Amino acid sequence: MDLDTVIYLAIWDSHRPPEEERRVRANDRDYNEKFQYASNCIMTSKYNIITFLAVNLFEQFQEVANTYFLFLLILQLIPQISSLSWFTTIVPLVLVLSITAVKDATDDYFRHKSDNQVNNRQSQVLIGGILQKEKWMNVRVGDIIKLENNQFVAADLLLLSSSEPHGLCYIETAELDGETNMKVRQSLSVTSELGDPNNLAQFDGEVVCEPPNNKLDRFCGTLYWKDCKYPLSNQNMLLRGCVLRNTESCYGLVIFAGPDTKLMQNSGRTKFKRTSIDRLMNTLVLWIFGFLVCMGVILAIGNAVWEKEVGALFQSFLPWDPPVDNFLFSAFLSFWSYVIILNTVVPISLYVSVEVIRLGHSYFINWDRRMFCSRSNTAAEARTTTLNEELGQVEYIFSDKTGTLTQNIMTFNKCSINGHTYGEVMNILGAQQKRVQALDFSAWNPLAARDFCFYDQSLLDAVMEGEPAVHEFFRVLSLCHTVMSEEKSEGELLYKAQSPDEGALVTAARNFGFVFRSRTPGTVTTQELGKAVTYTLLAILDFNNIRKRMSVIVRNPEGRIRLYCKGADTVLFERLHSCNHELMNVTSDHLNEYAGDGLRTLAVAYRDLSEEQWEEWSEHFRGADKATDCRDDRLAAAYEEIEQDMMLLGATAIEDKLQEGVPETIAILSLANIKIWVLTGDKQETAVNIGYSCKMLTDDMTEIFIVNGHTVQSVREELRKARERMLESTRTRDGGKEAEAQGWGGAPPPSLLESISGEFALIISGHSLAHALEADMEREFLETACACRAVICCRVTPLQKALVVELVKRHKKAVTLAIGDGANDVSMIKTAHIGVGISGQEGIQAVLASDYSFSQFRFLQRLLLVHGRWSYLRMCRFLCYFFYKNFAFTMVHFWFGFFCGFSAQTVYDQYFITLYNIVYTSLPVLAMGIFDQDVPEQRSLEYPKLYEPGQLNLLFNKREFFICIAQGIYTSVVLFFIPYGVLSHATQSNGVPLADYQTFAVTTATALVIVVSVQIALDTGYWTAINHFFIWGSLGTYFTILFAMHSSILFNIFPKQFHFLGSAHNTLGQPVVWLTIALATVICIAPVLAFRFLKLDLKPQLSDTVRHTQLVLQKKRKPGGRAGRGVGGSRRSGYAFAHQEGFGELITSGKNMRLSSLALATFASRHSSSWIDTLRRKKHANSPGAQNTPPTGENSTTSPQAPPLSTSSSAAGEAEQQSNEPVLAHSPDEIALSAIRCTVREVGECSTATVQVNIHLKTSSSTNYMQIHHTCKSTCTSIVCYSTLDRALIL
Amino acid sequence: MGKKQAGTGPLSRRPDNSAFKQQRLPAWSPSLTPQTVLPTFYILSLVCLLLGIWLLITVEYTYELKVDYTDAGTCEQCFNLRKHAIDSSTPCKCTVSFHVPKTFPRVSFQHDVVRLSARCLPQGDVFFYYGLRNFHQNLRRYMDSRDDAQMVGRKNNLKAPSSYCAPFDYDANGKPIAPCGAVANSMFNDSLTVMYNPTDGSKIQVPLYRKGIAWYTDKNVKFRNPPTNNTFSLQQAFEGTTRPLYWQRPVYELDDTDSNNNGFINDDLIVWMREAAFPNFKKLYGVLNRAQGPFTEGLPAGNYTLSINYNFPVEPFRGRKELVISMVTWFGGQNYFLPIAYLVTSGLILVTAVVLTTVFVKVGKKGKNMEE
């Protein structure tokens, strides 16, 4: 640190300057205090009890509208200006402010609660050589804290020592970056020797490191201790948000605390989200202000002219007010008076009504049973109440993968051994080979894992029969891995795999009789078909990203040396012995088939090595291993040398289990024209695999572009090529349509994009993304990406996720939605217009940062297509009507101005003005805004196209606004001039003229209330009892209040305030008044009715049509882009390796051998809540009979056999109970259909569906065939389903 | 199954399955269909047409006569007198003659329908109004310039008029004005007398009821005199107040013929205090008393003379004054606006209905694009 910085720091006492570097001395609070580093206390709340009122009011008055009303209020206190009583503004204003304040207070209360919960977590801090319990918030930079297993890391720590050998410790970073595999961190060897608290208390090393930043994967610093320098890297750091795993305890030095931690630095700023409607509304309100000023100016000019021409002469009857001495000043005052009178065009109740409506919609989301997940007992939750209508406008969804699309559970699903495929339960001919119960392994294999499911008996038979290839196959799986085992008691094995897919493979081998039991640095012990065998582990040829394979070289008890290898097929096939050609072709076909099903594949091979070969190679290998320069390259070369001429054994297929209903949801959402981008921290291959399995990527796609460049140039080149290819393909496909192809460069027509050239996908990796997101390339990237149907970004950091979202948000002017479950998604969730958190998982950061949360990805379709759509529709209708009614109400004053000398006389009674917006007309429109439905919810899921008006922003935009305004002004003209025309000459039947002001006021007001009530009745599309009550009730209230206000009782108490005495009686008793009102109503409403009818007749919206044909079940539904899988799958690698390199080295070096060598029992008991248990629990939850989801044939057949019911009572309810799947059925057909859906979803395959359909078709008419067919297509990937259906139809 | 389990349990947080919460409330969802809209238009048109015809016939039956006396006849002299200063002290009288071409109300009808409807009309009531043009009773500050609490006879308000009355709240000597304010101050104070000149050359004064011309609520609730009794006269009650600037008489002497018509409850005052909504207005002056003479059937045709105590100046604001004689039907005086508006509306709706029908039949897409 140079001198300047020191001075700088000294001067800046209260405000921390941007740090240039950070100095932390261990165990020296006084020293660290100088730098004023942030404490570990996290504050996301905005207020406290004392400051609440002031701060909140200050914030609220930052809203333009509120300030404006305050200004009006002040104006009204000036008697020369005041044209209305002060209460006409203050009553609504206070109402609005207090409602908002209550809401803010509630929100903040919950923020306080969650802050407190985090801040009060306990941690053990080493103070004065003694471990003391401290709250998280009291942890300071420079403290040494002790972490125990399964604890969250409290701050960013420098790992000092660990209970494990070599200062190793294991962490899970799921909360941080979403990767669920464990990572290893190692302390410096000098500190790891410190060990116990006493030594650590003496530790006084000083760390100098980089200032706080958000880069999760790098850390750069130096430790100065005892006159030595030690470089520090990310490998030595434990970051806040990680969880310590498999490590008894460790000590760490706090480097960054609280807001400085990488987790918090990555969470991005908390931004107040506004919906596009909000923004539009603000613009419109500004326009209305402008309009208001114009009106004011016009009327003020009128006033000036009038006062000059007429008023000056009228002075003997009405002299000007004392301060007024000429007509210009009078006009000036008149301007402000009119601003007050006309302010109701910007209704203060607008904002509060909008909030109320949104709140209502939020409750509907919270209450939705179909978004309730019974498995995790969580209902959907709208955590913010201000974004609902934006849910109806989403165009881009950014989804996390792990935990969102997938459950992060890997299961061994299929395999191909020696050219024979296993695991496919039905054969191609679709014979009635029914789904059997999962194989029971425990009968013959006491070591089998209970939660392992496999259905193909033939594989088990093959093992029993002792087919050598099958045996060898499983031997590879049991030997070639880096899994650690743990045996609590005899036969109770627990595997700790770094990646879940490796775990799945070893578990599969275990169940088929090749049980991996334990390992030492030099041996692997297995139990092969009941017989214990110990192999000597000669070498582990570790996995890395480039090699895409791993091998082990073992010597079996007989002394034969063999190399076992598993890896990506593309890589492995190149290294096979030439005699494998035929087998390779067959296996390759199988692999394609598996990959087409979205399974993650690995090819498996072996090679026999002679003793000489081994000796020679190991010599070579040792040389490479000891090399100091280019060690990695030389090792790779050495590996390459031995991994040749291998014999292919077969291939495995692992299913990365998707969340329920993910492919269907994605299909429906893309039918609704929503683009889905997957942003994941996972590897490219994994991400692509998931893309396939959730049907984002299909083999039908024209081309899938992979952008993987490491330099700016290469990324740019790759993007350019991709665009060229797309253009080319578009040209070739519709050669004649040259015009379209040309138009595509600038702004491609959407139809072209979707139908022809849309079948592209883009896969981009994190390092390429870093370049693509730079300012000069982002447009290019965005254009390319948006032209693709599917975009997958892999290996992205949390911040990059946010950047991608930001990019789309900035340039596309589209509504974005981000969905994720982990802390690594927080920044993206916060950046997107709408953030959705998947709840029910372990971490809650995503949920806390989100605007909506629920526990299953599939609920997204309901959130968007049902709730979002309705919210948008309702909000738009509400706004249209609201602006209309206020213009109709207010503009009457404008017309009256021309008759009353522009003196700012109101047309209505002041109480009417006060109550019009908050009493007489608020509830019907609120009821419409909350309850209206244009089409029932099932239809919006059935016709995803109904979602489009929201995306195109058709229902409320500037054009619609002007139409509303025009309608309002038209109404005001009618409402003024019809009564004017009639009343100025009319008399009562007893001869008293009706042209007095009060009669006119009452007539106009009544006509207004009636006209707007009729209008809301027209606008309301869904008349519930509440709507009836509110509409009729409002009319009733109007008349009640009118008569009460005009009663003699009130007059006798306040004669000045209630001087409209008797007007209601005298006016409303006159037939001529009612004739006037009726005429005005007809003139106002008839054109609206005519226009609506014309629109409906000439240009019906889809929703109108759907509504019209609601009862007719749509027979033909276009399957959209969900065609069945093509026969020839594209050749690609779907290999399954989720972990990072380096584990092999750890194993062979014996560093992590502690688990197997130390007391297992104690360890196991401590680990009762380890992630494996979690995994097991999840599996249990999934497995048949464990809870409430029995997907077996006999159970699921019950629903269609239930008596046909016309409502969704018992039978449908049963289905719902069984599958947690919303069933809304109105006919036996639908019940059966939904049963199919449920079953298929549960089981994941089609055999049961076949049974279902057969039963179902007996009862259903053939009209529903298409629909069933469709359902089947969308849920099953097997061809068998079709053929069965076809046959069933013929029957 | 399906039942919510109380308290804990795996489904404890499951939302209620109520129709309200699940947005399944039974509802009526009307939609515009040709079957409902088109008939509505035709029916509306028909209804408007019938109403229009009925109203037109009724209006045809009424008759109204206006006599502008601002500067007509001998009034020109008075008009000029009042032109310059509001010289309230100098009285000025003038006369204007006019001719009533037909007897009020008309009794001979051409059509049976009209005859039928005329039967249920009030027979023979003739109303006399004074009309003012270009007089703005609807100015905001003018309308506010009154004190309803004073005029309801409250004692403390009587002596302390509202500040809204300024500058007509206190006179130059600081005496409170009763009734205060610009409205009361500018009260119409011409007195009109109509003389019937039958052909025989005699002159018969047309008898008018000058009372009962205000709203019941105004006369009985809104305007009250300060409490009086046998010993405490109205004049005493108004002790300490002064008359409005432009008035010739104090408020307790407004009607010298009927002492019960004095003070705030004077009918003319009440009528004036009910401000007109528009600058051209008429206010009721009196109702023909048909008790005797030639007036039992109404106002006979013939020549009349209007004699005026010309006090109210209209020249300063370029206004006009007139006498309006009118008769009423069940829906009030002569008013052509309403029937014509109804007939026009009816026509327009009919045109719209025809257009809509054509569009629906020829080019409508309804039903055709269900397949889409």
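Modeller: One caution to begin with. This is a predicted model.

Biologist: What makes strands S3 and S7 of chain B a pair?

Modeller: Pairing takes at least two bridges. Strand S3 (residues 127-133) of chain B and strand S7 (residues 281-288) of chain B share 6 bridges, in the antiparallel sense. So S3(B) and S7(B) count as a pair.

Biologist: Which sheet of chain B holds S3 and S7?

Modeller: An open sheet of 5 strands, ordered S1-S9-S3-S7-S6, with antiparallel pairing.

Biologist: Why are S1 and S6 of chain B said to stand at the edges?

Modeller: Strand S1 (64-68) and strand S6 (208-209) of chain B each have a single partner strand, so one side of each has no neighbour in the sheet.

Biologist: What is the order of the open sheet of 4 strands in chain B?

Modeller: The order is S2-S8-S4-S5, again with antiparallel pairing. Strand S2 (93-100) and strand S5 (204-205) of chain B are at the edges, because each has a single partner strand. S2(B) is joined to strand S8 (residues 302-309) of chain B by 8 bridges. There, Ser97(B) sits opposite Thr305(B).

Biologist: How does the reach of helix H1 of chain B compare with what is expected?

Modeller: Helix H1 (residues 34-61) of chain B has 28 residues. From first C-alpha to last, H1(B) reaches 41 Å, close to the 40 Å expected at 1.5 Å a residue. Several of its residues are buried, including Pro34(B), Phe41(B), Cys48(B) and Tyr61(B).

Biologist: Why is Ser827 of chain A called buried?

Modeller: Buried means under 20% relative accessible area. Ser827(A) has 3% relative accessibility, so Ser827(A) counts as buried. Ser827(A) belongs to helix H28 (residues 826-831) of chain A. A polar atom of the Ser827(A) side chain lies 2.8 Å from the backbone oxygen of Pro798(A).

Biologist: What makes strand S21 of chain A largely enclosed?

Modeller: Strand S21 (residues 523-528) of chain A has 6 residues, and 5 of them are buried, so the rest of the structure largely encloses S21(A).

Biologist: Which strands pair with S21 of chain A?

Modeller: Strand S20 (residues 514-520) of chain A is joined to S21(A) by 6 bridges, running antiparallel. Arg519(A) stands opposite Val524(A). A hairpin of 2 residues links S20(A) to S21(A). Strand S22 (residues 531-541) of chain A also pairs with S21(A), over 6 bridges in the antiparallel sense. Thr525(A) has Thr534(A) as its bridge partner in S22(A). In the hairpin of S21(A) and S22(A), Leu529(A) takes a positive phi near 50 degrees.

Biologist: Why are helices H10 and H30 of chain A called roughly parallel?

Modeller: Angles under 35 degrees count as roughly parallel. Helix H10 (residues 276-311) and helix H30 (residues 859-897) of chain A pack at about 5 degrees, with axes 12 Å apart. H10(A) and H30(A) are therefore roughly parallel. Among the residues making the contact are Ile277(A) and Phe291(A) of H10(A), and Tyr872(A) and Phe887(A) of H30(A).

Biologist: How many helices and strands does each chain have?

Modeller: Chain A comes to 52 helices and 33 strands. Chain B has 11 helices and 9 strands. Buried residues make up 61% of the 1291 residues in chain A. For chain B, 51% of its 372 residues count as buried.

Methods: Residues are numbered from 1 along each chain as its sequence is written. Chains are lettered from A and ligands numbered from 1 in the order in which they are written. This is a predicted model: local features need pLDDT of at least 70, side-chain atom pairs count only at pLDDT 80 or more; totals for chains, interfaces and linings use all residues. Side-chain values use heavy atoms; hydrogens and water are left out. The expected span of a helix is 1.5 Å times one less than its number of residues. Buried means under 20% relative accessible area, exposed over 50%, partly exposed in between (1.4 Å probe, protein chains only). A polar contact is a pair of N or O atoms within 3.5 Å; within protein, one must be able to donate a hydrogen and the other to accept it, and residues adjacent in sequence count only if both atoms are side-chain atoms. Axes are lines fitted to C-alpha atoms, for helices over the stretch in contact, and angles run from 0 to 180 degrees between N-to-C directions. Angles under 35 degrees count as roughly parallel, over 145 as roughly antiparallel, 65 to 115 as roughly perpendicular and the rest as oblique. Contact means heavy atoms within 4.5 Å.
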